Amino acid sequence: MAALPFQRRNPGPSDGPRTAFVLSGGGNQGVAQVGMLRALIERGVVPDIVVGTSAGSINGAAVAADPTPEGIDVLAEVWRSLHGEQIFPGGRLSRAWNVVRKGTHLFSNDGLRRVVEMLPARRFEDLAVPLRVVTCDFETGEEIVLAAGPLTPAILASAALPGVFPPVEHGGRLYIDGGVVNNVPLRHALMGPVDRVFVLNVTGGVNDRPPRTPLDVTLRAFAIARNRRYELERSLAPSDVEIIEMPKPDDDRPIFDFTGGDTIIDEAYALACRFLDERGYEATVTPIEPRRRWFRRSRTRVA
């Protein structure tokens with residue numbers, strides 16, 4: 001499917017550089033994007049378009065709904081509430097049984113659905129910033145970009161990791177994880193008028209995460225393919241568009257491990273702040289202390 005062009009919601013001569021955010025997939029590693037987003041928003045870097053795949057579509061929907069520090073607080077609260085049992089119910093024995101029994105997937109997506117429904121918007125049309133969600137047609141292998149209608153099935157489709165979660169039927173088509181075809185969907189950010197693209201890529205290199213299970217081996221194979229795709233898209237980007245690749249913290253947790261998210265958010269935030277400060281992006285709001293910054297329950301309500 002051809003990438004969808006986009007326009008600013010309220011274009012004007014004083015808007016500044018036309019900006020896109022591209023958020024990769026990455027499962028539990030997607031928590032690092034929260035820190036990156038906070039650093040960007042604190043410096044007044046607000047997107048005109050957001051493109052996300054898999055976990056990046058969840059974070060992308062949150063920042064597109066509310067591109068403010070308070071909006072990122074809500075997203076941080078969502079990630080803070082997550083645990084492996086919620087997304088992947090059952091212990092190791094249960095997962096082993098799921099592998100040998102008949103069926104198309106190891107887990108239902110009920111837990112993931114509850115996470116998506118915590119986001120502060122229900123439809124693409126409710127978002128403050130246009131959002132593009134990348135997924136894959138399971139029957140044809142076609143790369144599909146969803147940009148209208150209800151958010152929940154679109155995000156579940158984009159995050160339907162093959163064999164782990166079930167394919168998602170939506171609009172008469174059957175979808176699987178967008179990371180299968182395009183895990184860092186840069187080209188979709190380049191289809192409209194854009195001056196700079198911030199790439200929030202949290203996927204590791206092929207050797208970053210030691211394989212411990214058959215699923216890790218599968219994910220390693222995906223990493224090889226998706227890294228090559230991004231490198232190609234990066235090489236074909238127009239020379240007049242600035243592409244800024246945000247640094248990511250180390251994260252070698254297994255896919256089922258959601259512990260330590262607080263620390264990874266803080267590390268990603270610190271890295272992003274140093275990176276942006278070195279490039280002349282000055283904070284427009286006063287940063288507050290880590291941890292207390294992220295989880296101010298008295299001010300934050302998850303919809």
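Reader: How much space lies in the second largest cavity?

Author: The second largest cavity holds about 50 Å³. A cavity here is a set of points, on a 1 Å grid over the protein atoms alone, where a 1.4 Å probe fits but cannot get out; its volume is the space filled by probe spheres set on the points, which are joined across faces, edges and corners. The model is predicted, with local features requiring pLDDT of at least 70 and side-chain atom pairs pLDDT 80 or more, while totals for chains, interfaces and linings use all residues. Residues are numbered from 1 along each chain, and side-chain values use heavy atoms, without hydrogens or water.

Reader: Which residues line the second largest cavity?

Author: Gln29, Ala32, Val202, Lys248, Pro249 and Asp251 do, each having an atom within 4 Å of a point. Three are nonpolar, one is polar and two are charged.

Reader: Turning to strands, how do E5 and E6 pair?

Author: Strand E5 (residues 168-170) pairs with E6 in the antiparallel sense over three bridges; pairing requires at least two DSSP bridges, and a strand is a DSSP run of at least two residues, numbered from the N terminus. Valine 168 has tyrosine 175 as its bridge partner.

Reader: And what stands opposite tyrosine 175 from E3?

Author: Aspartate 137 does. Strand E3 (residues 131-137) runs antiparallel to E6 (residues 173-177), joined by three bridges.

Reader: Which residue in the E5 and E6 hairpin takes a positive phi?

Author: Glycine 171 does, near 60 degrees, in a hairpin with two residues between the strands.

Conventions: On a 1 Å grid over the protein atoms alone, a cavity is a set of points where a 1.4 Å probe fits but cannot get out, and a pocket is an open set with protein on both sides within 12 Å along at least five of seven lines; lining residues have an atom within 4 Å of a point. Ala, Val, Leu, Ile, Met, Phe, Trp, Tyr, Cys and Pro count as nonpolar, Asp, Glu, Lys and Arg as charged, and the others, Gly among them, as polar. Helices (H or I, at least four residues) and strands (E, at least two) are DSSP runs, numbered from the N terminus.
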